[in-house]
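Let's take a friendly walk through a protein model together. Keep the picture open beside you and look up each residue as we reach it.

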Amino acid sequence: MVMKPMTRVFSGIQPSGVPTLGNYLGAIRNWVPMQDAHESIFCIVDLHAITVWQDPKELSRQTREMAAALIACGLDSKRCTLFVQSHVPAHAELGWIFNCVARIGWLNRMTQFKDKAGKDREAASAGLYVYPNLMAADILAYHATKVPVGDDQKQHLELANDIAQKFNHDYGVEFFPNIEPLIQGVAARVMSLRDGTKKMSKSDPSDQSRINLTDDADAIALKIRRAKTDAEPIPEHMAGLEGRPEARNLVGIMAAITDTLPENVLREHSGQGFGAFKGTLTEALVAHLSPIAAEMRRLLTDPGALDAALHLGAERANAVAEPIMKQAREIIGLLPAR
Ligand code: AMP
Ligand code: TRP
């Protein structure tokens, strides 16, 4: 019998707020079918979240809330490994090793650092700067090769491959595999409802800029009604969305949430003004998201059960990562602890 080469999927999400429609359409929704196709590992990356200030009480609450959201969206701890990053020491350890492999010049090119650090780069944490090294460690500690993410993470995955190659080259080994980003769907990048040139983000100061997975029907209706658009009607063809980032975004969201292509959305709604279109979009969003919000609320009534599921996930993750770390330490020449 020919053995299929093993593919292991890894992805991560920060517990820095309630997951947004962007997280859902760009990432989480694509994770669900992977559980049955591959060995899948999904991680709530709390060590990444603290690269910017997090209120301690909020952080632990949001970590549980993220676990509930992921399970409510369809991740099942029987079919995948779901855990919290700080519960598995391999991440921080390999992250440090990669700090010593990655070059400062590589990190200087990362656009997410530039965006997140803002104008006063000197005042950003050193953790925010080396964030991509930790992200590479998350994936490579498991020798995972497929990473489903939104479009914004592509550059970090290219860096992870540079790190893996430099490690292999410097130590003369074929140890870390090549990583393949899986960037899927029409909604690989969902934009802010207030500014169609910025991505929808859970850390945007304006709650009006995003749909949260916990928003109720009224909140969704209000945010969509207030979403920025223009005075032109829905065009017939995609070319008619050129230079209209807000219009394009709403059409993209409609396509993603109803599982169709933006072209089909245009065909069905062309000529309509955005007022009417927003009503239909709200209905589609509420129908899709309200069962998820209800399941999240139910799961959060039993934090003990959520914690137990996460602890089990961490044990399973550790069992995969630790033998890989043992080999990595040997390759580097770190003296065995015992
Ligand atoms: P983060 O919220 O930064 O922890 O991102 C978690 C996952 O969601 C990553 O795979 C991101 O690429 C994805 N993601 C975040 N924001 C968006 C967005 N606005 N559109 C599409 N995907 C997104
Ligand atoms: N950096 C990712 C983001 O902000 C989250 C993340 C951390 C991640 N580690 C990862 C994603 C490993 C994929 C694989 O969206």
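A residue is called buried when its relative accessible area is under 20%, exposed when that area is over 50%, and partly exposed in between, using a 1.4 Å probe and the protein chains only. Before we use these words, two notes on how to read the picture. Residues are numbered from 1 along each chain as its sequence is written, while chains are lettered from A and ligands numbered from 1 in the order in which they are written. This is a predicted model, so local features need pLDDT of at least 70 and side-chain atom pairs count only at pLDDT 80 or more, whereas totals for chains, interfaces and linings use all residues, and side-chain values use heavy atoms, with hydrogens and water left out.

You will find Thr111 in helix α6, which covers residues 111-117. Helices (H or I, at least four residues) and strands (E, at least two) are DSSP runs, numbered from the N terminus. Now look from Thr111 to Val130: the two are 19 residues apart along the chain, and 13 Å separates their C-alpha atoms.

Is Gln54 buried or exposed? With a relative accessibility of 13%, Gln54 counts as buried. Gln54 belongs to the loop between α2 (46-49) and α3. A polar atom of the Gln54 side chain lies 3.0 Å from the backbone oxygen of Ala49. That is a polar contact, meaning a pair of N or O atoms within 3.5 Å; within protein, one must be able to donate a hydrogen and the other to accept it, and residues adjacent in sequence count only if both atoms are side-chain atoms.

Next come the charged residues. Side chains of opposite charge can pair when their charged atoms come close. A salt bridge is a side-chain nitrogen of Lys or Arg within 4 Å of a carboxyl oxygen of Asp or Glu. How many salt bridges does a search of the whole structure find? The search finds 21.

One of these salt bridges joins the side chains of Asp307 and Arg64, at 2.8 Å from N to O. Because Asp307 is in helix α13 (residues 303-332) and Arg64 is in helix α3 (residues 56-72), this pair ties together parts that are 243 residues apart in sequence. Arg64 is partly exposed, at 31% relative accessible area.

The closest N and O atoms of Glu180 and Lys146 are 2.9 Å apart in a salt bridge. Glu180 is part of strand β5 (residues 180-182) and Lys146 of strand β4 (residues 146-148), so their pairing ties together parts 34 residues apart in sequence. Here Glu180 is partly exposed at 38% relative accessibility, whereas Lys146 is buried at 17%.

Glu242 and Arg248 form another salt bridge, with 3.9 Å from N to O. Glu242 is exposed, with 56% relative accessibility, and Arg248 is partly exposed, with 38%. There is also a network of salt bridges, which links Asp207, Arg210, Asp215 and Lys223.

Now for the ligands. A residue is near a molecule if one of its heavy atoms lies within 4 Å of it. Which residues come closest to ligand 1? Among the 17 that surround ligand 1, the closest are Asn23, Gly150, Asp152, Val190 and Lys202. An oxygen atom of ligand 1 lies 2.9 Å from a polar side-chain atom of Asn23, and an oxygen atom of ligand 1 is 2.5 Å from an N or O atom in the Asp152 side chain. Val190 takes part through its backbone, where an N or O atom lies 2.7 Å from a nitrogen atom of ligand 1. Helix α1 (residues 21-37) gives the most to the shell around ligand 1, with four residues.

Ligand 2 has 13 residues around it, and those that come nearest are Gln14, Tyr131, Met135, Asp138 and Gln153. A polar side-chain atom of Gln14 is 3.2 Å from an oxygen atom of ligand 2. A nitrogen atom of ligand 2 lies 2.6 Å from a side-chain N or O atom of Tyr131, and a polar side-chain atom of Gln153 is 3.0 Å from a nitrogen atom of ligand 2. The elements giving two or more residues to this shell are β1 (8-13) and α7 (126-140). Of these, α7 gives the most to the shell around ligand 2, with four residues.
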